[in-house]
Amino acid sequence: MKRYFAGLVLLALPCVLPVLAQEKQTFVINPGTPEGQILQSLGQETDDARKVTLGQDFLAKYPKHEAAGWVAAQVESGLLAEKDNDKVLQVAEAAYANGPDMDGAYYALKAAVAKEDLAATKTWSARTSEAARKIVGSAKAPTDDEGKHQLEYAKEVDEYSEYALYVLALKAQPKDEVDLVDTLIKQNPRSQYLPEVATSYFAALSKAGEGAKACPAAVKMAVDKNAEAMLYAADCSWRGNKAEAVVSYAAKASEAASTRTKREGVSDSDWATQKAALLGSANFYTGVGYAMQMRYGPANKALKAALPAIKGNSQLYAIALFDLGLANYSLGKPLGDKAQMREGLHYFQQSAEITSPMQDQASRNAKLVLAELGGK
């Protein structure tokens, strides 16, 4: 699909989500016991290295303690600060065997992303999302600020689980990109990151020898604000000679692009350029869809609106010019409107000047219309 959307560019990467909070402590610390004393010291410690030492000591002595998950998360946090990502993953795996902990999974995911370890990222993305959604799904509507903060934190952690897959997909080779995006689609088919990776994903499918999956995937992804997937689905329908579907997907893409909010970090000018490219492509598919239905009035309007945005793509531009020639000739002929017929002639002539599958037919049509107009 990359060749059809020459004007599209990926949105800027968002900043990695910060750790705004930690999962709420759900155990009681008894400072009168040896383990309670370690927990109390760990909770008060601010030095990362000391935190790691205290936490590892606790886990070695009390691996099955109800606080083990929380302690492991503290250790992982300290190891992350030290950039010891391998050790983070080791601690997280051992802790996960004793019971899922959202913070522990989240820190392990951050370590996996830092290492650009695709397999570990997939594993910990799924675990992080599962733990976060469990909190979100089971939580009653919070009434205090702390509860609201915890709920918001869980939602942001779940969002990061999707971002992790997305950010590595952008860097991956085609086969791995396909695998990561497929994982993201399975995890959340409405993820806010899917529109940003859609065009690259469809191209990766082709490069990975899985091009047959592209059209079904586009249909599945064509939801919410995913204008890129909607445009690909429109293209698939166009090539499948399904005019009604072409028009429908193009209309959805236009609405999605028009109402999609600019992402943080993207300049106004860049977003205006991206939006214009999306809307231009949507107008193109709307126009060719209407032309397939012989609804030449709306086809003429949509294709004229598409021309500025698709001018850099010679193939689409030639097709648009050809259909504009057909639309204007067909609108003018029944009325004897030679001015509109002549406008159709000019579009056919322009299309005939571009090397494309439409070139020969455009040239023949131009000659026929010119003769019909008396050679002038």
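This is a predicted model: local features need pLDDT of at least 70, side-chain atom pairs count only at pLDDT 80 or more; totals for chains, interfaces and linings use all residues.
## Salt bridges around E162

The side chain of E162 meets that of R133 in a salt bridge, with a distance of 3.8 Å from N to O. Because R133 lies in helix α6 and E162 in helix α7, this pair ties together parts that are 29 residues apart in sequence.

## Other salt bridges

The structure holds 15 salt bridges, and one of them joins the side chains of E116 and K171, with 3.3 Å between N and O. E116 is found in the loop between α5 and α6 (118-138) and K171 in helix α7 (residues 145-171), so the pair ties together parts that are 55 residues apart in sequence. E116 is partly exposed, with a relative accessible area of 45%, while K171 is exposed, with a value of 51%.

A further salt bridge links E372 with K333, whose closest N and O atoms are 2.2 Å apart. Here helix α17 (residues 359-372) contributes E372, and the loop between α15 (314-332) and α16 (338-352) contributes K333, so that parts 39 residues apart in sequence are tied together. Both partners are described as partly exposed, E372 with a relative accessible area of 33% and K333 with 43%.

## Contact between α9 and α11

The axes of helix α9 (residues 194-207) and helix α11 (residues 227-239) come within 7 Å and cross at roughly 35 degrees. On the α9 side the contact is made by P195, A198, T199 and F202, and on the α11 side by E228, A229 and Y232. Sorted by class, the residues of this contact comprise five nonpolar, one polar and one charged.

## The cavity

The count of cavities of 30 Å³ or more comes to one, and the largest cavity holds about 40 Å³ of space. At least two residues of its lining come from each of α3 (68-81), α4 (85-96) and α5 (102-115). The lining includes G69, A72, E76, Y96, D101 and W124, and by class the whole lining has seven nonpolar, three polar and two charged residues.

Technical notes. Residues are numbered from 1 along each chain as its sequence is written. Side-chain values use heavy atoms; hydrogens and water are left out. On a 1 Å grid over the protein atoms alone, a cavity is a set of points where a 1.4 Å probe fits but cannot get out, and a pocket is an open set with protein on both sides within 12 Å along at least five of seven lines; lining residues have an atom within 4 Å of a point. Grid points are joined across faces, edges and corners, and a volume is the space filled by probe spheres set on the points. Helices (H or I, at least four residues) and strands (E, at least two) are DSSP runs, numbered from the N terminus. Ala, Val, Leu, Ile, Met, Phe, Trp, Tyr, Cys and Pro count as nonpolar, Asp, Glu, Lys and Arg as charged, and the others, Gly among them, as polar. Axes are lines fitted to C-alpha atoms, for helices over the stretch in contact, and angles run from 0 to 180 degrees between N-to-C directions. Contact means heavy atoms within 4.5 Å. A salt bridge is a side-chain nitrogen of Lys or Arg within 4 Å of a carboxyl oxygen of Asp or Glu. Buried means under 20% relative accessible area, exposed over 50%, partly exposed in between (1.4 Å probe, protein chains only).
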